[in-house]
Amino acid sequence: MNGIIFDFNGTLFLDSKLHYDAWRIFSERLRGYPFTDEEMQKYMFGRTNSDIIEYATGKKPSVQTVERLAKEKESLYRNECLKHPEILKLAPGAESFLDWLCVNNIPRTIATMSEWDNVAFYIENFKLERWFDLDKIVYSDGKIPGKPAPDIYEIAAFNLGLKPEDCVVIEDAISGINSAKAAKIGKIIAISSVEPVEYYEKIDGVSEIIQSFDEIDRSIFPTANVGQRITG
């Protein structure tokens with residue numbers, strides 16, 4: 001494997017509880033009752049705000065409606081983040097692993113279905129420029145289909161100058177795992193941040209399951225091959 005692509009929410013940043021809380025509050029505003037845990041796992045994570053709002057309201061929202069409601073929900077979510085400084089930090093082992101990737105010049109980026117306001121919030125609070133070329137981060141810009149469509153991981157691999165099959169993806173959500181699989185990613189590692197390890201053992205396409213970034217076998221990144229990129 002010559003490069004690595006990280007999902008962000010629930011992967012590098014263990015914010016699933018904060019998203020649960022924000023979407024529960026917001027879905028109650030939208031339809032009168034909160035999302036269930038099953039709905040969150042099946043219809044929320046890895047999806048665009050447009051997808052989620054359409055599911056919650058039962059109808060296709062206008063672009064203006066999506067923009068307005070998404071801003072309200074994401075503002076609520078960011079406020080929840082700031083209320084919980086004990087959660088507002090990178091996942092266990094993430095910083096040392098990212099430092100190692102940098103030292104060894106291994107191509108890396110983030111592929112998240114978060115929208116720009118949240119990405120900017122993460123950049124500011126986690127100082128992501130320390131490890132990532134910010135121009136290569138892929139996020140929901142209103143044009144990229146949500147996961148499980150393969151587009152986001154195909155674009156991320158392209159941004160690294162690599163073929164998808166030469167990349168590792170770290171994911172926590174079924175929709176993201178299916179997105180990586182559809183993009184023909186070479187190795188998919190599931191991180192058990194909310195769901196138990198057993199949950200991922202049944203999912204097709206998962207090569208490995210970890211609970212911390214300290215568990216990643218770094219030998220899967222032969223540094224001698226790092227310079228072999230796509231040309232043309």
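**Exercise 1. Packing of helix H6**

Which elements do the buried residues of H6 pack against?

*Solution.* Start with the ground rules. This is a predicted model, in which local features need pLDDT of at least 70, side-chain atom pairs count only at pLDDT 80 or more, and totals for chains, interfaces and linings use all residues. Residues are numbered from 1 along each chain as its sequence is written, and side-chain values use heavy atoms, with hydrogens and water left out.

Step 1. Find the helix. H6 covers residues 116-126. Helices (H or I, at least four residues) and strands (E, at least two) are DSSP runs, numbered from the N terminus.

Step 2. List its buried residues. They are Asn118, Val119, Phe121, Tyr122, Ile123 and Phe126. Buried means under 20% relative accessible area, exposed over 50%, and partly exposed in between (1.4 Å probe, protein chains only).

Step 3. Name the partners. The buried residues of H6 pack against helix H1 (16-31), helix H4 (63-83), strand S2 (108-115) and strand S3 (138-140). Contact here means heavy atoms within 4.5 Å.

Step 4. Look past the end of the helix. Lys127 follows H6, and its phi is positive, near 50°.

**Exercise 2. The whole protein**

Describe the overall build of the protein.

*Solution.* Step 1. Count the elements. There are nine helices and six strands.

Step 1. Take the dimensions. The C-alpha trace spans about 55 × 40 × 35 Å along its principal axes.

Step 2. Turn to burial and contacts. Of the 232 residues, 51% count as buried. Among contacts between residues at least 6 apart in sequence, 67% join residues at least 24 apart.

**Exercise 3. Strands S4 and S5**

How many residues of S4 are buried, and which strands join S4 by bridges?

*Solution.* Step 1. Start with S4, residues 167-171. Five of its five residues are buried.

Step 1. Sort them by face. In a regular strand the side chains alternate between the two faces of the sheet. Cys167, Val169 and Glu171 lie on one side of S4, with Val168 and Ile170 on the other.

Step 2. Find the neighbours. Two strands pair if DSSP finds at least two bridges between them. Four bridges join S1 (residues 3-6) to S4, and these strands run parallel. Four bridges also join S4 to S5 (residues 187-191), again in parallel.

Step 3. Gly3 stands opposite Cys167. Val168 has Lys187 as its bridge partner. Ile170 stands opposite Ile189.

Step 4. Five of its five residues are buried, so S5 is largely enclosed by the rest of the structure. Lys187, Ile189 and Ile191 point one way, and Ile188 and Ala190 point the other way.

**Exercise 4. Helix H2**

Which residues of H2 are buried, and what covers them?

*Solution.* Step 1. H2 spans residues 37-44. Its buried residues are Glu39, Met40, Gln41 and Met44.

Step 1. The cover includes H1, helix H3 (49-57), helix H8 (174-182) and helix H9 (197-201).

**Exercise 5. Backbone exceptions**

*Solution.* Step 1. Recall the background. Most residues other than glycine have a negative phi, and most peptide bonds are trans.

Step 1. Find the cis bond. The peptide bond from Lys147 to Pro148 is cis, with omega near 20°. Pro148 is in the loop between S3 and helix H7 (151-160).

Step 2. Find positive phi values. Asn105 has a phi of about 55°, and it is in the loop between helix H5 (94-103) and S2. Lys184 has a phi near 65°. Lys184 is in the loop between H8 and S5, and is exposed, with a relative accessible area of 61%.
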